[in-house]
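Hi everyone, and thanks for making time.

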Amino acid sequence: MFRVIIADDESRIVKMLTASIPWTKLGLSAAGTASNGRDALRLAEAQKADIIITDIRMPGLDGLELCERLHESNPNIQIILISGYADFSYAQRAIQLGVLGYCLKPVDIPELLKLLRQAVRNIRREVSLQADTLLDYMEEGEEAPLRSILRDFGFTDGELYIASSVRMPDCGEALEAGLTVRLGKRKYLYLSEKPFQRDAACRLIGESTEKCGISLPAAPLSPAQLKDRVTEAELMACQFFITGASCLTEVPVSAGLTEEFFRQLQEALASADSLLAFLHKLQKQNCTLLLDIGSAYRFYNLVYASPFLDSSPGADEHFLNGYEQLAETYGSFADVLEEMEARLRTPEPVPPQPQNASEASSFMQIIKYLNENYEKDVSLKKLSELFHLNSSYVSFLIKNETGLTYSQYLTELRIGKAKELLSHTDLSLAEISEAVGFNDYFYFIKKFKKVVGVTPGHFI
């Protein structure tokens, strides 16, 4: 919640405002009150206030002087002035100082609520834009500007603690985070200068009605380590996919165990029988210490690229575009193993495929669907099921007509739409990422840079 300070030397006004505003409903909290300008300034700085409602005429430091001082320390603070005097010169000076609004006493509460809602929108927009810049610097590895923007958010140059949540609403307040950054659809990154409380995270997991995850890496890090460690924290927060249940994850899986797992997989890929035995063994194992969702996606690609599940042309194309899509397509890693074993035991017959005019018609229908639904979770598997066609045939159609694989075509389509939104809207990068079908911000940045040559933040 955003913190609000009320400053007025009339105690009845302070009490009336404190009691009349539906703070929680607006996403706000009344962080304190003051009866003079100097106390208001100290309180605003101590509480890191986001919004201040202040009378113009107060002892010690009047409202306009308070505005100037507040803007020096926090240019983005939202200030609402109240006054018993309809003085044009005061109003004019307030506009010059970037004050959000000016209310006459007696305060019209609906008018004040309107200003508070606007203040919340302004703060969210500014935080979102700064967060976009933070993530862009992080991805580019630009340490000096990264440290600078962290200072803008109130962090010193000391060590940071991070946490991440997936398939949950914003947990920043409950975890007492210093900064919350949206990374994708119901996916958040949290930063703090102190360790996060494990009990709070456990409580959030326990209260969730949906399978979800929180990661709490124990070790602090420097700004230079953010890029790699944030990616690691994201993967840890998705460990519910491996366990099959909501969980709190505090340490990453062992790299040594994971690499040994893939060594054994390579041996198993020698024949259909050895692969079937490997999958059957895995179904009886606890894979929590072996894999995270990233390595599960790597495993998925390797198995489905083998000739034992589908030997038709084009079957070596990866059927999913990222680990996020793996979690959207399957309920858990156990479901992946079950499907793989079933397909090995009973291979799907390759249906006869249409030719010539029918082939062109199928291609046009598929392309039309993709152009109208690119923002959805459109895996090749789901697309094939929708059109009642073999997935390898759909892959062949797209490659034959466009020169691109299915994944490449969908990626270029989404990036093209992202460029349009970047050029013609004020949406944040996180909002654009979701709007074009990328549920992970860092994945969006990487794909955008690969196609366009620069990150989204440097596009315009």
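Let's begin with Arg186, which is partly exposed, with a relative accessible area of 35%. On that scale, buried means under 20% relative accessible area, exposed means over 50%, and partly exposed is in between, using a 1.4 Å probe and protein chains only. Arg186 sits in the loop between S7 and S8, and its phi is near 50 degrees, a positive value in a residue other than glycine. Most residues other than glycine have a negative phi, and most peptide bonds are trans.

A word on what you are looking at: this is a predicted model, where local features need pLDDT of at least 70 and side-chain atom pairs count only at pLDDT 80 or more, while totals for chains, interfaces and linings use all residues. Residues are numbered from 1 along each chain as its sequence is written, and side-chain values use heavy atoms, with hydrogens and water left out.

Lys48 is in the loop between helix H3 (37-47) and S3, and it counts as exposed because its relative accessible area is 54%. Then there is a cis peptide bond joining Lys105 and Pro106, with omega at about -5 degrees. Pro106 is found in the loop between S5 and H6.

Now the overall picture. The protein has 22 helices and 10 strands; these are DSSP runs, numbered from the N terminus, with helices being H or I of at least four residues and strands E of at least two. The C-alpha trace spans about 85 × 50 × 40 Å along its principal axes. Of the 460 residues, 49% are buried.

Next, the sheets. Strands S7-S8-S6-S9-S10, in that order, form an open sheet of 5 strands with mixed pairing; two strands pair if DSSP finds at least two bridges between them. At the edges are strand S7 (179-184) and strand S10 (247-249), each pairing on one side only. Neighbouring strands here are turned by 15 degrees against each other on average, direction ignored. S7 and strand S8 (residues 187-192) run antiparallel over 5 bridges, and Gly184 has Lys187 in S8 as its bridge partner.

There is also an open sheet of 5 strands in the order S2-S1-S3-S4-S5, and its pairing is parallel. Its edge strands are strand S2 (28-34) and strand S5 (101-104). On average, neighbouring strands in this sheet are turned by 20 degrees against each other, direction ignored. Strand S4 (residues 78-83) pairs with S5 in the parallel sense over 4 bridges, with Gly101 in S5 as the bridge partner of Ile80.

Which residues are in contact with Leu226, leaving aside its neighbours within four places in sequence? They are Met138, Leu146, Leu150, Leu160, Ile162, Leu191 and Leu221, where contact means heavy atoms within 4.5 Å. Met138 belongs to helix H6 (residues 109-140), and it counts as buried because its relative accessibility is 1%. Beyond its neighbours within four places in sequence, Met138 has contacts that include Lys227, Val230 and Phe442.

Last stop: a helix pair. Helix H14 (residues 293-304) and helix H16 (residues 333-345) pack at an angle of about 10 degrees, with their axes 12 Å apart. The axes are lines fitted to C-alpha atoms, for helices over the stretch in contact, and angles run from 0 to 180 degrees between N-to-C directions. H14 is therefore roughly parallel to H16, a label for angles under 35 degrees, with over 145 being roughly antiparallel, 65 to 115 roughly perpendicular and the rest oblique. Among the residues that meet there are Phe299 and Tyr300 in H14, and Leu337 and Met340 in H16.

That's the tour, and I'm happy to go back to any part of it.
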